[in-house]
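Dear colleague,

I am handing over the structure below, and my notes on what was found in it follow directly after.

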Amino acid sequence: MEAKVGKFFDSVTNFFSGSDQLPWCDADIIAGCEKEAAEANGSDESKNECLTRFSWALVHSRRTEDVERGIAMLEASIASTTDPLKMREKLYLLAVGHFRRGDYSRSRELVEQCLMVEPEWRQAQSLKKAIEDRITKDGVIGIGIAVSAAGLIAGGLAAALSRKK
């Protein structure tokens with residue numbers, strides 16, 4: 001019985017905290033990837049891989065500025081990407097960035113483009129589920145706020161009318 005109660009409270013906590021399964025990236029990793037990208041020598045391929053790792057670190061950051069920077073880097077690099085698998089990866093990272101930023105509709109569009117390239121890609125499927133869960137959660141919270149506000153207004157009106165009598 002205690003295990004069921006614990007699971008219930010964990011699910012409620014996860015619902016309101018908005019936890020997801022995406023990894024977070026700290027400032028040290030971002031700095032290391034930035035240094036690696038700045039020092040990248042050699043072929044364009046190796047430079048692009050360094051920039052992709054750097055973009056990955058940025059969109060997985062807890063800092064909004066980093067996420068915005070990662071999104072900008074990825075959007076700038078998409079036009080020159082011709083390989084469908086690299087395009088899929090960049091679209092996925094863009095979807096993660098928009099998800100972290102709270103732009104769930106744009107994130108969903110991008111992850112659906114990824115799934116057009118690779119329908120069985122579990123990472124993209126997992127992100128799509130996280131997006132849909134977050135949209136549902138935001139909708140439920142919005143409805144709860146609206147119902148609470150309507151209840152307060154109705155209660156206030158009822159109290160005011162009862163005082164007049």
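Which residues in α5 meet which residues in α6? On the α5 side they are P84, R88, L91, Y92, L94, A95, H98 and F99, and on the α6 side Y104, R106, S107, L110, V111, Q113, C114 and V117, where a contact means heavy atoms within 4.5 Å. By class, this contact has 11 nonpolar, 3 polar and 2 charged residues (Ala, Val, Leu, Ile, Met, Phe, Trp, Tyr, Cys and Pro count as nonpolar, Asp, Glu, Lys and Arg as charged, and the others, Gly among them, as polar).

Please bear in mind that this is a predicted model, in which local features need pLDDT of at least 70 and side-chain atom pairs count only at pLDDT 80 or more, while totals for chains, interfaces and linings use all residues. Residues are numbered from 1 along each chain as its sequence is written, and side-chain values use heavy atoms, with hydrogens and water left out.

Helix α5 (residues 84–101) packs against α6 at an angle of about 160°, with the axes 8 Å apart; the two are therefore roughly antiparallel (over 145 degrees).

Y104, which lies in helix α6 (residues 104–117), is buried, with a relative accessible area of 14% (buried means under 20%, with a 1.4 Å probe and protein chains only). Y104 and A130 are 26 residues apart in sequence and 9.7 Å apart in space, C-alpha to C-alpha.

As for confidence, the protein averages a pLDDT of 81, and 79% of the residues score at least 70 (pLDDT is the predictor's confidence in each residue, from 0 to 100).

Best regards

Technical notes: Helix = DSSP H or I, 4+ residues; strand = E, 2+ residues; numbered from the N terminus. Buried < 20%, exposed > 50% of the residue type's maximum accessible area, 1.4 Å probe, protein only. Axes fitted to C-alpha atoms, helices over the stretch in contact; angles between N-to-C directions. Parallel < 35°, antiparallel > 145°, perpendicular 65-115°, else oblique.
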